[in-house]
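Dear colleague,

I am passing on the structure we spoke about, and my notes on it follow below. Please read them with the structure open beside you.

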Amino acid sequence: MTTATANKYLVSIGLEVHVQLKTNSKMFCSCPVRYGDEANTLTCPVCLGLPGAMPVLNLGAIKRTIRSGLMLGCKTPPVVKWDRKSYFYPDMPKNYQITQFDLPLCEGGGVPLYDLAYPKEVQKNIPEPGKTIALTRIHLEEDVAKSTHHATFSSIDFNRAGTPLMEIVSEPDITTPDEAFAYLNSLRQILVYAGVSDADMEKGQMRCDVNVSLRPQGQEKLGSKVELKNLNSMSAVRRSLYYEIERQGEALDAGELIIQSTRRWDDSIGETRLMRTKEDAHDYRYLPDPDLLPLHTPELVAEAKIDLPELPHEKVTRFEEDFGITHYDASVLASDQNLANYYEQAATGASSAKKVANWVINNLLGVLNEQGLDITTCPLTAENLRELVDLIEAEQISNSQGREVFAALLESPDKTPSAIAKEKGFEPADSSEIDAFIDQAISANPGPAGEVSEGNDKAINFLTGQVMKLSRGKANPKQVGEGIIARLRG
Amino acid sequence: MPTITELRASYQSGDLSPSDAIRTLADTIESTDREIQAYISYDTDAALAEAAKADLSLPLGGVPVAIKDVINVKGQPCTCGSKFLDGKYTAPYDAGVIKKLRAAGAIPYGRANMDEFAMGSSTENSAIQTTRNPWDTSRIPGGSSGGSAAVIAANEAIAALGSDTGGSIRQPAALCGCVGLKPTYGRVSRYGLVAFASSLDQIGPMTQTVEDAALLLQAISGHDAHDSTCVKEAVPDFNSFVGQDIKGIKIGLPKEYFAEGLDPEVKSTVEAAITQLESLGAEPVEISLPHTEYAIATYYIIATAEASTNLARFDAVRYGHRSENAANLIDQYRRSREEGFGEEVKRRIILGTYVLSSGYYDAYYLQAQKVRTLIRKDFTEAFEKVDLIASPVTPTPAFKIGEKSDDPMAMYLADIYTISANLAGICGISVPCGFTRTDDGKQLPVGLQLLGKPFAEGDLIKAGHAYEKSTDWQKTAS
């Protein structure tokens, strides 16, 4: 948003995020949750809304929601229930959605915004680092079917109908589009850590509606909220907000009144368009679902607490403490659960966990990125990386030899680092051999040798380089340097 | 027709085979149903095929049971008495009770007429046909399970399943002179019963005798993983209550159920039945159910609220009547439902939609839920003093076809003694207890209602059977 808008108006953004849960079966029937099957083959009387069919709660989905809530600091009420939300649409076979109205599975809690979750270009300049966005609630409901609109007709695939869907509602605590982006990223990271969803927006596993309102600086009461729909990526969320805040700011500047409404984001032209105003809003006529009994939760909560996974920021702290790496490195490694697992596996028992982190961040990630791979498809095993670092640390091979071994390992993942080092003839030179090289270097370079004798340290590096060349990289530069000093200054 | 017990005996002795029974029924239906109009459909060939492989060792082996046309039977139509589904829906699955019936060896045979979507008390709201009371064909058979009661009274069935949301089993049973038992809410699976009001609906047996009701109830009771409201409560051996004596049991007589509006002949008939129970050793105790007067209003808010959402699925998208004149999606919804639903169904959908609307929810639905709690409490307190409650089933005997068609309130009042049991979730039975006589000399059956504690269907069977055995009212219309 422009500085002008930001100075004049306070922006309040709230997000409603829908997350498909990774369960074997649907929310209210035993049909499998799966993608890519032939349309309308994963259905039964329940998810087709046939006369007489009845829903049965999926306990696995409930447990995953409670776990998500615990990881986000939410409270679960002792009794929760499900309600019918009525509106007619062909993708909803009963013409009511089973959702939770006034007794949701989770209340309160919050999402901590991780530095690395912000868009790259603003990470260096985060206005409120360490901010947490408060959550209103998380409830569990059923997904609708998938509609496809053709020229003269629409088709519906009920395979998706009834997939467990968690709706995470935030307070309107977000104040910038960048923060909204960071919120989604941080939330996704936590949900992946919780193991409840892959939460991939591009795959529709995570979907997001945004509410945004502006009010003049100094005004207490929130302005009229505008809901944005059709946001299919995190970048769409951010861009639509930039656009919408500017649009509302200009409208307010022109003395116009913002009315409560829903607008559709058009990603191709980068604009929001009015869909409907409050007058057309549905009356959902919520009704406690008489087919489902209220659920008592205390035992489920106690059970979920037993094996609650570590949170991303907890992992960062642990990595700092256990492995002695920097906060930044730990944050990079913990930003992806699989990457963190890989690192932890490689670093545990390594001679230098810090060096392992350097290798992962400075070498491995770049290679993976170039080759279009990610850590789960990485050819180099964590064990081999550890061995490689150990060889270098033990001065069995030099750093530059290490890089050669690393490249070779990516080509031949089945070999071990020591086998490759041996093949390449990388063996530590014995000291008499090195002493001979040192003598050779000194006699060939009397000028620099004289400078070293006179106390010039820069010339040590030059001579060391010469010795390294003679040893074809086998010598340990540190040892060589010490040898040169001993010879010339001893 | 033979009772289930008699039929089973003739199967055992070899006097009769299940195929014989089906053929006899088919013949009776052929000759009788043109006048009674109780069956919407029946598939004799399919029933005969099942009869041929019937396992007579099972509790209901080879016993044909008529099914109210609101329960899904795989491969059969299920019209719910509605134009919306008539000819436009074939059930692709078996309801929970049908699975249980099949497991007990029974043969579902014939689909009984009913008020559209079980909304009504006379079966006149069926969009398919008007069923007549076999005792006086100018009169209604009661409803909404009017077809299920009429097929028994007219010898067109051995036994039947009905469903009871506000009296829809007990009231037609009383008006047609057969036995009808509404189980405790949660005793019998509702999976596959096309829902009218989900918190009130319950499937139950309609039979010639109390003993048969016990047998049929035994077969359909018990937990079903497809219905979360169907309890895991152990199912007792209901037949063991048959023949037990009732000495010393306390029978409550709610004063509110014998007050104004009760036909004098019905009243005296039911009082005579209570005297009979007393002579068998029961002890009558006057009780009060103080919130009775609010039952009908409460019922019509809760039932219609639930119905308005339950019937939302009938949208012509996947099945059912689709209007041919629709201009767009909304128009398709509107016209299909306008054309497919009858007056009473539309009235209740609109009423239910209204009471759930924003701004009205607290005043109607929430208030009704509170009153429902009070009504339930009335029964809990009464059952601290008595074992059973006895009352009439209906305020009047069967009325004339068309008599109340234009007066929904008068029709709603026909359920005044039965509705509270559904709101409280308790069980009840209607047992024939005599007749009134019409001006033109026809006999009209009267029913005695016994209400029991939650999951105490055994008590209903015990007292119902003791009464039945000591009287001679169990006969069918000839």
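The contact between the two chains draws on 37 residues from chain B and 31 residues from chain A, and please keep in mind throughout that this is a predicted model. Between them, chain B and chain A bury about 2,700 Å², and 60% of that area lies on carbon and sulfur atoms.

As for the polar side of the interface, the count comes to 18 residue pairs in polar contact between chain B and chain A, where both residues have a pLDDT of 80 or more. On the side of chain B that touches chain A, the elements that give two or more residues are helix H9 (295-310) and H10 of chain B, and H9(B) gives the most, with four residues. The rule finds one salt bridge across the interface of chain B and chain A, and in that bridge the side chain of Arg190(B) meets that of Asp291(A), at 3.1 Å from N to O.

With best wishes

Notes: Residues are numbered from 1 along each chain as its sequence is written. Chains are lettered from A and ligands numbered from 1 in the order in which they are written. This is a predicted model: local features need pLDDT of at least 70, side-chain atom pairs count only at pLDDT 80 or more; totals for chains, interfaces and linings use all residues. Side-chain values use heavy atoms; hydrogens and water are left out. Contact means heavy atoms within 4.5 Å. Buried area is the accessible area (1.4 Å probe) that two parts lose on being put together, summed over both. A salt bridge is a side-chain nitrogen of Lys or Arg within 4 Å of a carboxyl oxygen of Asp or Glu. A polar contact is a pair of N or O atoms within 3.5 Å; within protein, one must be able to donate a hydrogen and the other to accept it, and residues adjacent in sequence count only if both atoms are side-chain atoms.
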